[in-house]
Amino acid sequence: MLPRPQDDVRESPAANKNSDARSLLRFITCGSVDDGKSTLLGRLLHDLEAVPEDQLATLATDSKRHGTTGAALDMALLVDGLEAEKAQGITIDVAYRFFSTDRRKFIAADTPGHEEYTRNMVTAASTADLAILLVDSTKGLLPQTRRHAFVASLLGVRHVVLAVNKIDIQGYEPAPFRAIVDDFAAICEHLSFATVQAIPISARAGVNLISRSEHTPWYEGPTLLEHLENVVIDRPYGERPFRFPVQMISRRDADFRGFAGTIASGSISVGDEIIVPRTGQQSRIASIVTYDGSLPEASEGQAVTLVLNDHIDVSRGDILADPVDRPRLSEQFQAHVIWFDAVALMAGRGYRLKTETDMVDCTITAIVHMIDIESYAPCLVTTIAMNQIAVCNIATQRPLTFDSYSANRATGNFILIDRATNKTVGAGMIDFPLRRALNLHWQSIDINAEARSSLKHHRSAVVWLTGFSGSGKSTIANQIERRLHAAGRHTYLLDGDNIRHGLNKDLGFTDEDRVENIRRIAEVARLMADAGLIVLVSFISPFASERAMARSLVREGSFVEVFVDTPLEECIRRDPKGLYKKALRGEIAHFTGISSPYERPESPEVYLNTLEAASAELADKVCDYLEANVICQ
Amino acid sequence: MSLTDLQRLEAEAIHVFREVVATTQNPVMLYSIGKDSSVLLHLALKAFYPAKLPFPVLHIDTGWKFKEMIAFRDAVAREHDVDLIVHTNEDGERDNISPFVHGSSHYTHAMKTVALRQALEAYRFDAAFGGARRDEEPARAKERIISIRSATHAWDPKSQRPELWKTFNTHLSPGESMRVFPLSNWTERDIWRYIAQEAIPVVPLYFAKSRKVVERDGMLIMVDDDRLPLRPGEAPVERLIRFRTLGCYPLTAATPSSASTVADILEEMRVSRMSERHGRLIDRDESGSMEKKKRDGYF
């Protein structure tokens with residue numbers, strides 16, 4: 001048996017009990033470069049005696065080597081922990097520091113001011129309750145200040161302290177402080193903070209941080225620490241609906257089936273009814289299991305394991321929810337997206353989308369607009385560059401359960417992961433679900449695709465042939481069209497190369513242009529199908545997300561994906577246009593199969609193996625499929 | 001009902017444990033026998049209760065740990081029925097790599113960093129939980145909860161993945177692995193408060209007792225066995241000491257202390273003005289030395 005320090009617990013003084021009742025406040029320091037963010041946090045830690053003596057000794061050495069404050073200690077070096085940060089005198093990544101008072105424990109995150117490190121500022125803001133926004137009183141509000149205020153607000157940081165710094169350099173005059181407070185009030189009309197507290201400070205001299213300064217008798221508000229200790233962070237309105245994202249299924253043995261997760265909002269008691277929005281199935285809570293014994297009830301923030309009365313279908317990624325106040329279930333929604341990757345975001349591209357516990361493939365179907373985060377004005381763009389924020393429409397491969405981010409930070413967020421590099425390339429905050437705009441549009445027109453195609457005694461379709469260059473797509477498409485035409489079907493063949501001579505002659509071969517190229521072809525195919533035609537598209541279309549986008553544009557059941565599967569070696573051997581030779585010599589960039597990937601269709605409607613049959617036979621196979629499944633009324 | 005700070009930290013750690021186990025193939029928990037490892041193991045048991053711990057526990061044994069640590073480790077493994085893997089760098093053992101002969105830097109690299117890499121590669125672990133905390137050291141203050149390491153186990157502090165909310169990206173490219181730190185947001189004081197609250201067993205070396213030490217370069221080194229070469233003029237003396245942090249005995253300095261209970265320790269910490277890693281000789285080389293070790297694959 002191991003020795004247990006239980007006796008100590010009994011002996012522990014009442015003071016210990018009190019400290020256990022402390023609450024936790026997570027805050028960030030942000031603002032423009034050189035406005036003194038790191039210095040402020042360093043000063044706060046130093047003055048609260050939260051810096052151990054040996055770290056102070058290191059600080060003295062570092063101050064001599066890298067410091068910018070002459071003989072005095074450079075407080076910023078307390079938080080800029082990386083060698084590159086000390087050497088460059090800037091903050092690159094978030095530093096987390098900890099201190100506590102009798103009332104609260106604080107987790108402070110010092111965030112970088114430079115725009116290129118916005119992703120790190122966003123990382124810290126996503127979990128923060130409060131933001132200290134530093135403003136240099138000698139410079140006023142800078143573009144970066146506006147940017148950080150916007151990002152903090154967007155990420156749901158509800159409380160802000162406007163810390164007007166370097167007030168000592170202004171001779172402790174109230175005018176500069178008041179001018180900045182007025183400017184900030186104007187900004188706040190665009191933002192959604194619950195509280196704003198402006199405080200005149202000097203981070204370097206420690207003015208109004210912990211104790212009130214005699215130099216600013218005109219300021220009657222709290223010191224920074226007083227405010228941090230007292231600001232009320234609990235939500236003002238009543239309890240939110242129950243949400244429980246399931247992390248894993250706990251199976252101790254065949255008899256036990258529990259759902260492990262953290263309660264994202266609300267509370268739950270044994271006997272309460274819950275729903276699984278994905279399936280609509282309902283059940284009741286049989287027990288709330290924890291290591292410390294079963295609980296009668298549990299609430300927001302607790303990590304527990306729930307057992308249900310009935311054996312219903314629940315898997316990781318599901319959200320158990322209040323059946324009366326349910327989350328949304330949709331495969332299309334609008335969201336604010338922050339982009340992190342050096343490769344720009346483009347509409348039509350596919351990514352992995354991960355919510356707190358669910359994961360699904362998604363496509364950015366449209367960039368609604370980009371937000372200029374200095375003027376807060378929307379602007380129309382085709383791509384979103386690193387550190388930019390945009391409103392996007394997103395379609396997922398299956399319905400997703402979510403709330404809007406403004407209602408619930410935990411069930412309204414997601415990240416975007418690049419399938420090839422596995423990097424986190426973006427983060428999103430869901431605004432609202434979208435209805436299928438296309439269906440609405442069809443209902444509003446009396447003469448629709450069905451009416452038009454019925455004149456021709458068939459149903460319209462889009463037959464999408466995909467495969468490597470030289471795989472035989474065009475040859476097969478040509479034969480399909482001849483056969484259909486002979487049978488009296490009204491067809492049109494869209495060939496990738498031919499379209500580039502006309503409609504798409506303004507497009508080159510950059511990634512952006514390729515996406516636009518395929519978008520236009522898909523839209524043209526949609527219009528022609530809507531006009532009642534059977535449209536044949538012959539196009540390499542290497543990315544699954546792009547093919548999925550084309551499929552999503554047309555009526556369900558009318559899109560026929562045909563995978564012309566010719567091994568790359570065979571295409572290289574055939575090389576009808578001499579393109580592979582050039583690509584292998586490195587003369588053509590981004591050539592599918594050589595220097596750019598081809599994502600094989602996982603479940604095409606028709607699969608053609610060109611090594612096993614002649615093109616006429618393969619064309620027959622496609623025609624037979626069309627006649628049997630699509631065209632006939 | 002709003003949660004206390006310790007309840008919030010506990011829930012966060014449990015969430016991280018579950019998330020990583022749900023999304024990786026072959027996780028492992030690094031167990032160093034210290035107080036942080038004790039808390040980490042306790043949280044892991046909580047995270048998966050009533051099921052058994054779904055991963056093995058790995059101890060990198062340098063061969064120079066305190067004897068009481070090894071005894072404690074084996075007792076814990078028995079009590080909780082954990083799958084304990086003990087790994088030692090056999091090349092280093094054969095070459096008799098010693099902190100006295102080869103210096104702390106070379107010794108740490110061979111017996112800890114290299115040994116850890118060997119074990120992670122041999123068992124093909126894709127995720128390793130560790131008890132490191134951000135308050136320990138400036139470089140750690142910058143690290144993510146889920147920290148991606150390259151095929152050579154290197155940490156690249158300049159290109160860390162953004163880590164928002166509790167929405168973790170646990171996808172790995174071939175050869176990559178991750179280090180996971182569920183205690184990132186805990187402080188030393190939180191650890192002791194939690195040990196008190198939960199009555200978690202820890203190695204008795206944390207509590208003051210009269211032990212045999214020598215004073216060397218201003219540090220108190222405990223004479224744990226007869227491998228400690230005494231320098232001319234050195235004579236072991238009995239002193240009332242305890243350890244704030246536990247590692248290899250030749251590299252871990254003791255603190256004169258009379259704190260014999262967790263409550264005493266909390267009180268001692270309240271008045272202490274030294275950081276916990278002060279007693280760690282391996283951090284002494286120069287400022288930034290932890291960052292360099294982490295870039296090499298150190299935990």
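Helix H15 of chain A (residues 511–530) has 20 residues, so at 1.5 Å a residue it should span 28 Å; its end C-alpha atoms lie 29 Å apart, which agrees. The expected span is 1.5 Å times one less than the number of residues. Helices (H or I, at least four residues) and strands (E, at least two) are DSSP runs, numbered from the N terminus.

This is a predicted model: local features need pLDDT of at least 70, side-chain atom pairs count only at pLDDT 80 or more, and totals for chains, interfaces and linings use all residues. Residues are numbered from 1 along each chain as its sequence is written, chains are lettered from A and ligands numbered from 1 in the order in which they are written, and side-chain values use heavy atoms, leaving out hydrogens and water.

Buried residues of H15(A) include Val515(A), Ile518(A), Ile521(A) and Met528(A). Buried means under 20% relative accessible area, exposed over 50%, partly exposed in between (1.4 Å probe, protein chains only). Gly532(A) follows H15(A), with a positive phi near 105°.

**Backbone**

Most residues other than glycine have a negative phi, and most peptide bonds are trans.

The peptide bond from Tyr49(B) to Pro50(B) is cis, with omega near 5°. Pro50(B) sits in the loop between helix H2 (35–48) and strand E2 (57–60) of chain B.

**Cavity**

The whole structure holds 10 cavities of 30 Å³ or more. A cavity is a set of points, on a 1 Å grid over the protein atoms alone, where a 1.4 Å probe fits but cannot get out; lining residues have an atom within 4 Å of a point. The second largest cavity has about 70 Å³ of space. Its lining includes Pro245(A), Glu356(A), Asp358(A) and Asn413(A). By class, the lining of the second largest cavity has 3 nonpolar, 6 polar and 2 charged residues. Domain 2 (243–321) and domain 3 (328–436) of chain A each supply at least three lining residues.

**Chain B**

Chain B has 8 helices and 10 strands. Of its 299 residues, 65% count as buried. A compact globule of 299 residues would have a radius of gyration near 19 Å; chain B has 19 Å, which agrees.

Definitions and conventions: On a 1 Å grid over the protein atoms alone, a cavity is a set of points where a 1.4 Å probe fits but cannot get out, and a pocket is an open set with protein on both sides within 12 Å along at least five of seven lines; lining residues have an atom within 4 Å of a point. Grid points are joined across faces, edges and corners, and a volume is the space filled by probe spheres set on the points. Ala, Val, Leu, Ile, Met, Phe, Trp, Tyr, Cys and Pro count as nonpolar, Asp, Glu, Lys and Arg as charged, and the others, Gly among them, as polar. Domain bounds come from an automatic or database domain assignment. The radius of gyration is taken over C-alpha atoms; the globule rule is 2.2 Å times the number of residues to the power 0.38.
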